[in-house]
Amino acid sequence: MKQRRRWMIACLCIFALVAVWKVQAETKSQALPLSGVTVVVDPGHGGKDDGASGGDLKEQEINLAIALKLRTELEKAGANVTMTRDGSYDLASDGATNRKREDMKKRVEIINTEPNDLFISIHLNTYPNVSIHGAQAFYRKGDEASKQLAEIIQRRFNDLTQTEKKSKTGDYFILNESERPGVLVECGFLSNAGDRKSLAQSSYQQQLAQLFTESIEEYLMALTL
Ligand SMILES: [Zn+2]
C-alpha cells in the first residue's frame, strides 16, 4: 500500500513538473517579439557578381556577413527567416544566358511565392566622391508600408553613422517587382575609407543586424497599434 502511494505521489510530481514546463515554454514563445513573423533576407550579389568593391573589400562578402548575422538576430527574436542565398553563389542556373537577370528574377520569385511578411535586401554603395559616406534605406514608390519601414531604418542609420540622410524611393528591380513590403538598404560606401573600416568589422556588422531587427520590431508594432 505504502509503495503504491509513493508511486502515485511520484506520478503526480512528474505531471506537475511537465505542466509547469509547458506553460513556461508557451509563455516564452509568446513573449518573443517576432514570433510568427517570416522575413526574407536577401544578401545582394554573389557568385561572379561581386557588386561594389573598395580596398580589398567585396560587396557580396560584406552583404552576406551582415545577412547571416541578421538571420541569427531575427531568429533569436522568434522570426522565421528565408535567405535568398547563404553562401558565395548567385541564383542563376548553369549556362544561363543572362546570369544577372535570372539571379534577380529568382530572388523576386522567392519573395513573391514563399510565405513572408516582409523582405530586406542588403547592399553597399560606392561613389566617385570618396568623402560621401553613411547608410540609406530605399523603398518602392507608392508603397506606404515599405516607406514606413524605410523611415524607421533610416532614423536608426542616421544615429549609427552620425549623418542626416533621408530614406528615398528607389528604382531597383527587387523593389519594383516584389509584391510584399520591403526595403533595399545601402549600409555604407565602400568608396569611403571610414565606412570601409566600419563595414569590415564583425562588431559593426553585428550592430547593423541588431539595427534591422529592432527596426522590423518597431515597424510591426506600429502596424498592430
Ligand atoms: Zn549592391
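The model is predicted, so to speak of local features a pLDDT of at least 70 is needed, side-chain atom pairs count only at pLDDT 80 or more, and totals for chains, interfaces and linings use all residues. Residues are numbered from 1 along each chain as its sequence is written, and side-chain values use heavy atoms, with hydrogens and water left out.

**The chain as a whole**

- You'll find seven helices and eight strands in the chain; these are DSSP runs numbered from the N terminus, with helices being H or I of at least four residues and strands being E of at least two.
- Of the 225 residues in the chain, 44% are buried (buried means under 20% relative accessible area, exposed over 50%, partly exposed in between, with a 1.4 Å probe and protein chains only).
- Take the contacts between residues at least 6 apart in sequence: 77% of them join residues at least 24 apart (contact means heavy atoms within 4.5 Å).
- The chain exposes about 12600 Å², and carbon and sulfur atoms supply 53% of that (areas come from the Shrake-Rupley method with a 1.4 Å probe; for residues, only the protein chains shown count as cover).

**Helix H2 against helix H7**

- Two packed helices are described by the angle between their axes and the distance between the axes.
- H2 (residues 59–76) and H7 (residues 202–224) pack at about 50°, and their axes are 8 Å apart (axes are lines fitted to C-alpha atoms, for helices over the stretch in contact, and angles run from 0 to 180 degrees between N-to-C directions).
- That angle makes H2 oblique to H7 (under 35 degrees is roughly parallel, over 145 roughly antiparallel, 65 to 115 roughly perpendicular, and the rest oblique).
- H2 and H7 cross in a right-handed way (right-handed if the near helix is turned clockwise from the far one by less than a right angle, left-handed if anticlockwise).
- On the H2 side, the residues in contact include Ile62, Ala65 and Leu70, and they meet H7 residues including Leu208, Phe212 and Ile216.
- Sorted by class, the contact of H2 with H7 has nine nonpolar, five polar and two charged residues (Ala, Val, Leu, Ile, Met, Phe, Trp, Tyr, Cys and Pro count as nonpolar, Asp, Glu, Lys and Arg as charged, and the others, Gly among them, as polar).

**Helix H4 against helix H7**

- H7 also packs with H4, at an angle of about 140° and with the axes 9 Å apart.
- This crossing of H4 and H7 is right-handed.
- Among the residues making the contact are Leu149, Ile152 and Arg156 of H4, plus Leu211, Ser215 and Glu218 of H7.
- The class tally for H4 with H7 is twelve nonpolar, four polar and four charged residues.
- Zooming in on Glu218, a residue of H7, you'll see that it is partly exposed, at 25% relative accessible area.
- Glu218 touches Ile152, Arg155 and Arg156, leaving aside neighbours within four places in sequence.

**Residues in loops**

- Ser167 sits in the loop between H4 (144–161) and strand S7 (168–169), and Ser167 is buried at 15% relative accessible area.
- Most residues other than glycine have a negative phi.
- His45, not a glycine, has a positive phi of about 65°; His45 is in the loop between strands S1 (38–43) and S2 (53–54) and counts as buried at 12% relative accessibility.
- Gln162 isn't a glycine either, and has a positive phi of about 55°, but Gln162 counts as exposed at 68% relative accessibility.
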